[in-house]
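This briefing is for a reader new to the structure below.

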2 protein chains.
Amino acid sequence: MEKINIRKELAKINEHWSQRVIGEANNQLFKLAKGIGETNWHKHDDQDELFILYKGHLTIQLRDKNIELYEDEMFIIPKGVEHCPKAENEVEFLIVGLNVTSNAAGGKPNL
Amino acid sequence: MEKINIRKELAKINEHWSQRVIGEANNQLFKLAKGIGETNWHKHDDQDELFILYKGHLTIQLRDKNIELYEDEMFIIPKGVEHCPKAENEVEFLIVGLNVTSNAAGGKPNL
């Protein structure tokens, strides 16, 4: 049982759209990531996905609208809802969900 | 589906140790609170409780050690572990867990 400094953990990440697990509580994973550009359009049928932004400006593109997320703002993407995060400049964020989703089935773009 | 500004929601809270629910994802409640002084010693047998500090310095007293939590730091109190948060000056924080715990059975002090 140790505390975690979120900004220090973010500073350790050197790959975009790749989630780093920093904790688990009640079967939820708390994960950090950096991103730039955009992922593929995707959805998660098994889980809601919650974002809290720590740095920058992230546009969460949904099929019917865009959510413009800034530092200290939170957004929940319900399970099954297609989304495509996009950032013109590098963003840093916390994600909460059941699983790591930065894989081929999830949000990691093909580079 | 709207975004939530965490600092604006924190600013609306005018009671200490009383949790304000700002979202739910995968059956977890995301809750904000302010605190000063200390709660009663208590534990939650049904859930882990996760804290992320947004303002100030919160000491999470455990029976065998203290966790000194500052802004942007996170700590998970495992289910069943006795704890007693304490703050000399007002603190603002996010809590994640299955239920609201700021009640008589939970962490709200008797004033």
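**Strand pairing in chain A**

Strand E2 (residues 20-25) and strand E3 (residues 28-38) of chain A run antiparallel and are joined by five bridges. The model is a predicted one.

*Hairpin of E2(A) and E3(A)*

- Glu24(A) has Leu29(A), in E3(A), as its bridge partner.
- Two residues lie between the strands of the hairpin formed by E2(A) and E3(A), and in this hairpin Asn26(A) takes a positive phi near 50°.

*E3(A) and E8(A)*

- E3(A) is also joined to strand E8 (residues 83-97) of chain A, by nine bridges, and these two strands run antiparallel.
- Glu38(A) has its bridge partner in E8(A), namely Lys86(A).

*Make-up of chain A*

- Chain A contains one helix and eight strands.
- Their order along the sequence is β-α-β-β-β-β-β-β-β.

*Overall dimensions and packing of chain A*

- The C-alpha trace of chain A spans about 40 × 30 × 25 Å along its principal axes.
- The radius of gyration of chain A is 13 Å, which agrees with the value near 13 Å for a compact globule, because chain A has 111 residues.
- Of these 111 residues, 38% count as buried.
- Among the contacts in chain A between residues at least 6 apart in sequence, 65% join residues at least 24 apart.

*Contacts between the chains*

- In chain B, 23 residues are in contact with 23 residues of chain A.
- On the side of chain B that touches chain A, two or more residues each come from strand E1 (4-5), helix H1 (6-11), strand E2 (20-25), strand E6 (66-70), strand E7 (73-77) and strand E8 (83-97) of chain B.
- The element that gives the most to this side of chain B is E7(B), with four residues.
- By type, the residues of the side of chain B that touches chain A are twelve nonpolar, six polar and five charged.

*A strand pair across the chains*

- Strand E7 (residues 73-77) of chain A pairs with E1(B) in the antiparallel sense, over two bridges.
- Opposite Met74(A) stands Ile4(B), in E1(B).

Definitions and conventions:
Residues numbered from 1 in each chain as written. Chains lettered and ligands numbered in written order. Predicted model: local features only at pLDDT ≥ 70, side-chain atom pairs only at ≥ 80, totals over all residues. Contact = placed C-beta atoms within 7 Å. Nonpolar A, V, L, I, M, F, W, Y, C, P; charged D, E, K, R; others polar. Pairing = 2+ DSSP bridges. Rg over C-alpha atoms; globule rule 2.2 N^0.38 Å. Buried ≥ 20, exposed ≤ 12 C-beta atoms within 10 Å, placed from the backbone.
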